[in-house]
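Subject: Handing over the structure

Hello,

Here is the structure I promised to pass on to you. Have a look at it first, and then read on for my notes.

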Amino acid sequence: MNRAVEDLAPSMRAEASLANLTISGVEHARRESSVRVLIICGMLMVGCIVLGTAVTAVNFRSRALARTDGELRDTTLLLARHFDQQLDDFSALQGTLSSQSAFPDIGNTADLNRRLSTLDLHRLLQATVGRNDHVGSLSVFDSTGTLVNSSIEFPVPDISIKSRSYFRDLRDDPWRHSSMGEPIPARIDGDWVTPLAQKIAGRDGTFLGVLRSGLKPGYFEFFLESLALSDGAVITVLHRNGTIIARYPHDEAAIGEVFSDRPLLRKALLDGTVGSGQTVDANNGQELIGAARALRDFPIVIVATRPVIAALAEWRKQTQLLAAAAATSSLLIAAIFLLIVRVISKRYAALSSRLAEKKRKLAVDKDRLDTAINNLNQGLMLFDGNNDLVLFNSRAIEMYGLSTDVIRPGISLHQVVAHRKQTGSFHGDVDEFCAKLISELGQSSPHIVRTLDGRSMLIVNKPITAGGWVALHDDITERTRSERKISHLAHYDALTDLPNRMLFHARLEEALLAVGNGTVCALLYIDIDEFKHINDSLGHPVGDQFLKIVAGRLRGVAGSRDFVARLGGDEFAVVRTGPAGTESLVCLVQQVLEAIRAPYTCLGHRLSSNASIGIAIAQEHGANLDDLLKKADLAMYAAKADGRGTYRFFEAVMEARLMARRALESDLEQAVVTRRFSESGFEVQYQPIIRFIDRSIVGCEALLRWHHPVRGMIPPADFIPVAEEMRFIDELGDWVLAEACAEAANWPDHVRIAVNVSPIQFKNPGFALKVASTLARANLGIGRLELEITEAVLIEDDDKTRATLHQLRGIGVRIALDDFGTGYSSLSYLRRFPFDKIKIDRSFIKDIDTSGARAIVQAVVTIASAIAMTTTAEGVETEQQFATLQALNCDHMQGHLVSTALPAIELRRLFFARETEAFVA
């Protein structure tokens, strides 16, 4: 819109010039008096130069002070970061000495006094301090504060620090591991030192004592000497209570003085990290400019100061140069104005002859201007220097519904606005609006007004050089609605109309800033259980309707203190801000669970659902947004791991589990990527399958074991689900199948090999071809391979599953249904899919002596026999179970009663022993 004003500016100036030419004769008569005005202007300009020079000098002075302030602030920032790092490293060294690795097997205070009051530890402390002259003694104190050992002398004197604040902090706060005290004269060598203490804890976490070192002023001043400081600059290192720790240039008498009332120190402590400004030296009354910055992790403040007189030395030289330049400029201006007066007089005559020609040309320009402005999409009004209307276009009349009988050239701005108010396109005070518009003309900033009928008008008022100003009016109603809609879509979820992740992050940041003074912020991370099954089985329209209902229920549960958002997929979040206490929070969680558990009707489908909720509380579990989200997410996964449909508050052990899980994932990924399963500790073991009639071995089940080289034996229940989630189960399963088939080729011909197949493997469209290829490479008869699948493979009951099963049966591979009787067990599976064997789950075998379990096993055996399937009982451990299953006509069994899973070499020995027994018999 500003571009349109600029394009029309030449034509508008022409219109204004045409109006001015109507009074050109009068102006020509006044030009002689303008010479006198020009002389006065020259004098004013000289005065402005003098005033400008003075203002510039003042500005230069302010900049000099600001530059010095910035340098001091940068210096304190550099020093704060340096000493934060140095003290972190030094504290880490102390932490190493005070850890169980430095003092092994210390269980109590008596044990600490006995083990640490030795000459060897004295020498170790001396070696740790070394030749560092800036570090004081390194001493060990027990839980009563009594000195046990020291790097300075041995045996040690009777010294106690139980009254020291840093000792009490470490003793009374179980979560605090290090502390720094105020500077004190060392009791052993008399030097000023700043104590830095580290907690010594027992095996069970009990407080046993502290390891304390002392930092001398030279520790800080050694680095300060390396800085290139400005003239007169002084850097002071203070404790938060105002005690001077070190100073550069060094002043021995200042070390240990307390200046807690210094303004810079108070400002740094009040602001939390940094303060700056001007102050007065209390000793000599000298004005100083300074900056102070607090260390991040230690109670230390760095203060840098410089005298104002030194900071302004360069400014004085600049001021002298400015004064000389101003004097020279004033003389030049006076000479130039005299020349201008002479030139103007000569040009008066030539100007008169050009006025007539210019008036003719401007008349032509006015015709062009009328055509241009009446074809604009914006409304246009041109006002002269007296705020009277000069011209306007038809669009301006149409936009506001004005009357051409009223709106005509020559009327005032006040009359135009008053007519708009009469016609209903303006509301407000006419006088106030006109006064404000005229006062703000120089700003030429666009502003938006709204009419009574709801339209939005963008108005730009821009002055023109010929005098007066032009107003462009643009109807942006539709554009505003579109922008508002785009803004809503950018911050709200399109499906549920809940705030999206972007707006959620912004609101949570605001909530975290408000934490304190009895107010807490809690985050509920909600994941809908089994939503993927709803989406996959019933379709996305049902899933979308389901999510809309969930969002509506969460809105209904949330109170005025709660903020609900959809983070994506089936994940929602509720932010509760309010008074401290978990009762109301637990009540909110229960309400959320009850709302989600209530039945749903989605596009004719009756559904039920549940949710897993993780809860993290600001400050207690995390201080920033990322920490809080991470902890809530961990708690949510812990709720899922505990059976879903519940909630969990974040606990530190959850993070430990995550680290262990990531380590397991990394090792698993390394084994899969390198294809070095055996070198990584993976091994296939085999559990014999026995025939009830003669207790002969008819087959073996291949079972994967992981002997981790570092963590030892890892149960399959721990790493198999991880492999499935990471989609590594295909590679791992292929390796197990190849190993098992290669081993089975060495067994007696009547012994089959049974291999478990993951549902993820089974979804591979080339799985049957892969099995056939593996059998060919191993030179194993196809009829000797038996694949065991679980009901998870059959739940979806799709064409691909049936096709793969028939392909496997077509090439001669046997199929067994594993863990029958658990999960979704449906007898219809036995009719729809071609199984050769049913494996009865060990949970029924364990309770086989009860009537219920016995009846279920009898029913499975009967059904299998009727449809020509064999049965295998898993987990047989006693002779009583064996006899009962044999009486029920079960075909095969496996379990610890006969044998556990054996390595390949031990299984071969078992085959050899059985063959020997048969030969002897």
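**A pair of helices to start with**

In helix α23, the residues Phe767, Ala768, Val771 and Ala772 meet Thr804, Gln807, Leu808 and Ile811 of α24, where a contact means heavy atoms within 4.5 Å. Sorted by class, the contact of α23 with α24 holds 6 nonpolar, 2 polar and no charged residues. In that sorting, Ala, Val, Leu, Ile, Met, Phe, Trp, Tyr, Cys and Pro are nonpolar, Asp, Glu, Lys and Arg are charged, and the others, Gly among them, are polar.

Two packed helices are described by the angle between their axes and the distance between the axes. For α23 (residues 767-778) and α24 (residues 799-811), the axes come within 9 Å and cross at roughly 25°. Axes here are lines fitted to C-alpha atoms, for helices over the stretch in contact, and angles run from 0 to 180 degrees between N-to-C directions. The two helices, α23 and α24, are therefore roughly parallel to each other; that label covers angles under 35 degrees, while over 145 is roughly antiparallel, 65 to 115 roughly perpendicular and the rest oblique.

**Some background**

Please keep in mind that this is a predicted model, in which local features need pLDDT of at least 70, side-chain atom pairs count only at pLDDT 80 or more, and totals for chains, interfaces and linings use all residues. Residues are numbered from 1 along each chain as its sequence is written, and side-chain values use heavy atoms, with hydrogens and water left out.

The secondary structure of the protein comes to 29 helices and 32 strands. Both are DSSP runs numbered from the N terminus, helices being H or I with at least four residues and strands being E with at least two. Of the 921 residues of the protein, 45% count as buried; buried means under 20% relative accessible area, exposed over 50%, and partly exposed in between, with a 1.4 Å probe and protein chains only. Among contacts between residues at least 6 apart in sequence, 60% join residues at least 24 apart.

Two strands pair if DSSP finds at least two bridges between them.

How many residues of strand β18 are buried? For β18 (residues 562-568), the count is 6 of 7, and the strand is mostly covered. Strand β18 is joined by 6 bridges to β19 (residues 571-579), and the two run antiparallel. Phe563 has Val575 in β19 as its bridge partner. The hairpin of β18 and β19 has 2 residues between the strands, and Gly569 takes a positive phi near 60° there.

Elsewhere in the sheet, 3 bridges join β22 (residues 610-617) to β23, which run parallel. Ile615 stands opposite Phe649 in β23.

Arg553, Leu554 and Val557 in α16 meet Leu588, Gln591, Val592, Ala595 and Ile596 in α17. By class, this contact of α16 with α17 has 6 nonpolar, 1 polar and 1 charged residues.

**One residue to look up**

Where is His621? His621 sits in the loop between β22 and α18 (625-641). With a relative accessible area of 10%, His621 is buried. Not counting residues up to four places away in sequence, His621 touches Ile615, Ala616, Lys631 and Phe650. The C-alpha atoms of His621 and Glu651, 30 residues apart along the chain, are separated by 8.2 Å.

**An antiparallel sheet**

Another open sheet of 5 strands has the order β13-β12-β16-β15-β14, with antiparallel pairing. Here the edge strands are β13 (389-392) and β14 (447-450). Met381 of β12 has Ala471 in β16 as its bridge partner. Helix α11 (residues 413-423) lies across β12, β13 and β16, running at about 150° to β12.

Happy exploring!
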